[in-house]
Amino acid sequence: MASRQAAGLTDYERLREENIRRNEAILATLRRKADELSAAIKSSSKRGRGRLSNQPRKKPAAKTSPGELRRSLRLSQLPPSHSPDAEPTPGPPPVPRSTSFSSLLASSIIESASLAPPAKARADGFDAGKELVLTPANVRKVVPDRILGVRVLPLVDRTVVAAGNKLGNIGFWVVDGMVEDEDDDGADGLFEYLPHRGPVPAIVAHPAAPQKIYSCSYEGEICLMDLEKESFNMIQLCDYPVYSLCQAPDSPSCLYFGDGNGELKLLDERMGKVSSTWDSHDNTINSIDFHPEKKHMLATSSTDRTARIWDLRRFKRKKEESLKVLKHNRSVQSAYFSPSGSMLATTSLDDTVRVFCGDDFDRSHIIKHNNQTGRWISTFKAIWGWNDTDLFIGNMRRAIDIISVGGDDSSLSASNSASLESEHMTAIPCRFSAHPYKVGHLACASSGGKVFFWTRA
């Protein structure tokens, strides 16, 4: 009977069942040892002299859970200098609600995806410091534990936020309307799934095909959430962690991703394999971003203390020379082009946000910013808003710093112009995503699994 049931399972479901059985066996062993230890303590208390209650209690040794064993640096093949976000995950992984996508959520997104994308959002006269507000209704705990990746899906007529956490969950929040199915999934507009076995640093969806949502994990998985098929499919499984993911602007099925050794790889979903690999950095690639106008140009950031700008037309050999190397004093967590592509903003653990501009990005301005988030909070990554003048980045005071950028062909200036504060933002905002079509719609995620969605007043 068991073999006939297993024959009908997918590879993902078989792997999940094996993990559950292994975890149950380990937990049973731990319970048995705990019972033996408890009996030994009781026996010792009867034989010992004096009262144990008057003696100082020793701190119990920390138990090693199955999750920690599977996600240790050695077994996960992580280098000692891995990304600050790649912390071992304590405890066994949570059981997913479902291995298939909600039909109502899928149909809602597909309906919106059928609409033609509008022109770029115009932010003329928009003042983020004065117009953005956060209401209690726009705060949700989307997933358990720390969020590493967040994305506002590129949908024309609605707002859906996707967030990935350190446990492998991906949660969806329908901000502007509840979608609830008969199985009670989607209560309060929330949907939660577990397509990955480890931390999810990136979620991407192409404006031309928002019904196909891709994500990656530190366990080497690249997953496709195909809403038309209402299922999760693992399209690539690597034997090394994947830290960053980005889609080619002119081809949604071409995925560029970075690993912990500094290699940039191209996965063509249609071919079903990695078609190209380039040695682009000496350490982990933390972000990948394409130029909005020059589709052949991309920027990468790395733990090797550099951000680099590349020309894909020159990517013919394994080892390529970058167009520009932007050096920093410590790890660079992100490098993103401005909406026009005329500027590039980087965030580094050397406590700076830097803005580069010019034909060769040879002019720069440095803004001092405390980027020391510690071990338990995801690193800060400054993102552009809807124009070339506003950068958004979290701070340790549970607020959002707005960096205003200005200048002309001969000069460049940037400074902290305002901070967004609210009594409803009860955690430090770490990761951000702006709605591509709605000016003033900004999602920020925390290390407690909450998403705070700011809108125009």
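**View 1. Antiparallel pairing of strands β12 and β13 in the predicted model.** β12 pairs with strand β13 (residues 263-268) in the antiparallel sense over five bridges; two strands pair if DSSP finds at least two bridges between them. Helices (H or I, at least four residues) and strands (E, at least two) are DSSP runs, numbered from the N terminus. L255 has L267 of β13 as its bridge partner. Three residues lie between β12 and β13 in this hairpin, and G262 in the turn has a positive phi of about 90 degrees. The model is predicted: local features need pLDDT of at least 70 and side-chain atom pairs count only at pLDDT 80 or more, whereas totals for chains, interfaces and linings use all residues. Residues are numbered from 1 along each chain as its sequence is written, and side-chain values use heavy atoms, with hydrogens and water left out.

**View 2. The β11-β12 hairpin.** Strand β11 (residues 242-248) and β12 pair in the antiparallel sense over six bridges, with two residues between them in the hairpin. Q247 stands opposite L255 in β12. Of the nine residues of β12 (residues 251-259), eight are buried; buried means under 20% relative accessible area, exposed over 50%, partly exposed in between (1.4 Å probe, protein chains only).

View 3. I222 is found in strand β9 (residues 221-226) and counts as buried, at 0% relative accessibility. Contact means heavy atoms within 4.5 Å. Leaving aside neighbours within four places in sequence, the contacts of I222 include L245, L255, F257 and L267. The C-alpha atoms of I222 and V242, 20 residues apart along the chain, are separated by 8.0 Å.

**View 4. The buried face of helix α4.** In α4 (residues 103-113), the buried residues are L105, A106, S108, I109, S112 and A113. Seen down the helix axis, these residues fall within an arc of 165 degrees, so they line one face of α4; the arc is that of the directions from the helix axis to the C-beta atoms. They pack against β4 (160-165), β5 (170-174), β6 (190-193) and β8 (209-216).

**View 5. The largest nonpolar core.** This core has 22 residues, and those with the most contacts inside it are W386, F392, I400, L442, F452 and W454. A nonpolar core is a set of buried Ala, Val, Leu, Ile, Met, Phe, Trp, Tyr and Cys residues joined through side-chain atoms within 4.5 Å. Two or more residues come from each of β25 (399-407), β27 (431-434), β28 (442-445) and β29 (450-456). A second, separate core of 21 residues includes F101, L105, A106 and I109.
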